[in-house]
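Welcome! Here is a short briefing to read alongside the sequence and the structure.

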Number of protein chains: 2
Amino acid sequence: MSQTAESTGPRRAPTMADVAKLAGVSHQTVSRVLSDHPNVRDSTRAEVQRAIEQLGYRRNSSARALVTRRTLTLGVVACNPTLFGPASMLFGLEEAARDEGYMVSAVTLRRYTAKALEEAIDHLSDWGVEGIVVMVPHRAAVAALAELRLPFPVVTVEGGHNLPIAGVSVDQDLGARLVTGHLLAGGHRTVWHVAGPSDWLEAEARVQGWRAALEEAGAEVPPPLVGDWTPLSGYRAGQELAGRVAASSARRGAPEVSAVFVANDQMALGVMRAFREAGLSVPGQVAIAGFDDIPEAEFFAPPLTTVRQDFTAVGQASIRMLVSRLESGTTDGDERVVIEPRLIVRSSTTQI
Amino acid sequence: MSQTAESTGPRRAPTMADVAKLAGVSHQTVSRVLSDHPNVRDSTRAEVQRAIEQLGYRRNSSARALVTRRTLTLGVVACNPTLFGPASMLFGLEEAARDEGYMVSAVTLRRYTAKALEEAIDHLSDWGVEGIVVMVPHRAAVAALAELRLPFPVVTVEGGHNLPIAGVSVDQDLGARLVTGHLLAGGHRTVWHVAGPSDWLEAEARVQGWRAALEEAGAEVPPPLVGDWTPLSGYRAGQELAGRVAASSARRGAPEVSAVFVANDQMALGVMRAFREAGLSVPGQVAIAGFDDIPEAEFFAPPLTTVRQDFTAVGQASIRMLVSRLESGTTDGDERVVIEPRLIVRSSTTQI
DNA sequence: AGCGACATTGTTAGCGTTCACAGACATCTA
DNA sequence: TAGATGTCTGTGAACGCTAACAATGTCGCT
């Protein structure tokens, strides 16, 4: 009259032993079936498979990780994933990781301090990640990272090239040279620049490329304005620049504003609004170029000349690098992969 | 002459036993220190802490998960996280999860089929997530989800209200009514609509809200155009609409195009470009409104009237719901949290 | 028949934690 | 001083899996 064991309770997930008993084999045989070991008789394999299906069995990942010493999990520290760039990287990165058989756990940073970064990494370590990708192109953060000497491989994205950390990056300098060169070739005497926050490595590299391009062309280097990547900050910078356009004939000491390279597309949008409101035509009176090629850029008024970064490729490359380090057991070394950006010319810089 | 055990090899991470030996206590005491158990003498605690520091010890999460049966990991299935909406939700969600002591693992969907969703969930299950948030507002996907009967709690985001699944959503219907009402109040005889893909629940709800608002106002309901959320598709729809504006006096059967409600901001951008190219002024000849309030919307030419969704709040609410279900052990029930959207009026709909 | 090689299966011992329980010792009460 | 209560600490057994090895059966060959 006894039922099949307990009938109530939040019955626990079936274990390998349960499957084994049902299939009439040992738990080890079940393990062999699950890991596709060749030496299992076909009939046995079928029997085990049936038992697995019937019980809805799934391997317990914790037990497995405990004995194999592999969590198959990678960590990512991301900055503001609301922006198109970081989001795309995360997308490509996750896909690549999954293809390699890893799971990705991401932590987003609220503040860009060394402490916040350490906390984020701590959090990931607590969960046993095997390696991490740090997507925080922020000077202080990367410097802190270099100090850290973590017990697992670390790969940075846009982490700069001065530090002994492996990483993937887009050639920001080249990108900036491309746009600046393009504007100069359009006949402008010089090119103004609205930069990103000075503690962002990407912003710095773009400033450098811009400056170098101007200097090489023998053009005057106007003082760069600084924004914070948001359209609003671009708008403010745009107002400032618009004032200079109006006053340019009267003003001494700064060259005429006829071309502006803005460090990202969002700020460029803000700049264009400011110009529009000031009655300046783009590209008629002022040419504008951005950076990133967000999906909206092609539809701005006017469509924006910009530099396309293949974010997805960056994400994928970072995973490939991380996985290869994982497999080879390398924790340090400063291997670098650089991805070339591409100039996309649209009507914000070209008179029709 | 014997050294302190082996000196070479990739020495394994220290374990609790190592700490215990160094501190001269049992492993259990170490465990107690780590979990802040009160009954540990202060001097012992200090000793253990020192040993932990010295060895750089970290608790092994797999072993811990194995015995406690808690992985403290939540899964997320996201659709295209490159878009502002999904990305923001992911952001808010991760932050909320971290505050609750959970780790988040995200999987992004490449295709929106039932099979792809099942694979994604399988992937997450393999890693032992305790519950998942499904952010795929796609009809087929959500329907498949309802069939699945998973052994852990599931919360949907924008999952529609016809199915017996718990979830969080923004009141899309209300949002659409707000914009449509706003446009009608602006004196337009009717409002055209550029919808999202028909198999997206959000798109459908917006169509419904728009239609209802028109019908309640006794306005004619023009046939909705359909896009795929991208600026390009909006551009195409815009060209179509621009054609109608030009031909409107001559054409029979469809009302005049003087106001358009576009189902998201990106498409609205495309529509505006098409209108600009057709020489139509916005809002002079045609008023346009979008949906989402992406950060760029305020800086479009002209700034776009739209509906703001608090994506971050949605992400947070979904985690709260998931965690509460986790704690109460609920797997089913169709609890719903609805978040109200807000109309943001800008100059794309208001004559100055 | 006897032996080796191979295929197939089972047995045992961890992996590094936490939990339940059992000691040891100190302190308080009668 | 005996007993009862606490406080602190240690011991042993899980948790569910894989790895190493041992045990069986099967086949072919001499």
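Predicted model: local features only at pLDDT ≥ 70, side-chain atom pairs only at ≥ 80, totals over all residues.

Residues are numbered from 1 along each chain as its sequence is written, chains are lettered from A and ligands numbered from 1 in the order in which they are written, and side-chain values use heavy atoms, with hydrogens and water left out.

**Around DNA strand D**

- DNA strand D is surrounded by 27 residues, where a residue is near a strand if one of its heavy atoms lies within 4 Å of it.
- The closest of these residues are Met16(A), Ser31(A) and Tyr57(A), together with Thr29(B) and Thr44(B).
- Sugar or phosphate accounts for 62% of the atoms of DNA strand D within 4 Å of the protein, and bases make up the rest.
- The surface near DNA strand D has 9 nonpolar, 12 polar and 6 charged residues; here Ala, Val, Leu, Ile, Met, Phe, Trp, Tyr, Cys and Pro count as nonpolar, Asp, Glu, Lys and Arg as charged, and the others, Gly among them, as polar.

- Thr44(B) has a side-chain N or O atom 2.4 Å from a phosphate oxygen of DNA strand D; a polar contact is a pair of N or O atoms within 3.5 Å.

**Around DNA strand C**

- DNA strand C has 28 residues around it, and the closest are Ser26(A), Thr44(A), Met16(B), Ser31(B) and Tyr57(B).
- Of the atoms of DNA strand C that come within 4 Å of the protein, 58% belong to sugar and phosphate.
- By class, 9 nonpolar, 12 polar and 7 charged residues form the surface near DNA strand C.

**Polar contacts with DNA strand C**

- A base oxygen of DNA strand C lies 3.4 Å from a polar side-chain atom of His27(A).
- Arg64(B) places a side-chain N or O atom 2.8 Å from a phosphate oxygen of DNA strand C.

**Which helices take part**

- At DNA strand D, α2 (27-34) and α4 (61-68) of chain A and α2 (27-34) and α4 (61-68) of chain B each supply at least two residues; helices are DSSP runs (H or I, at least four residues), numbered from the N terminus.
- α4(A) gives the most to the surface near DNA strand D, with 5 residues.
- At DNA strand C, the largest share, 5 residues, comes from α4(B).

Terms used. Polar contact = N/O pair within 3.5 Å; in protein donor to acceptor, adjacent residues only side chain to side chain.
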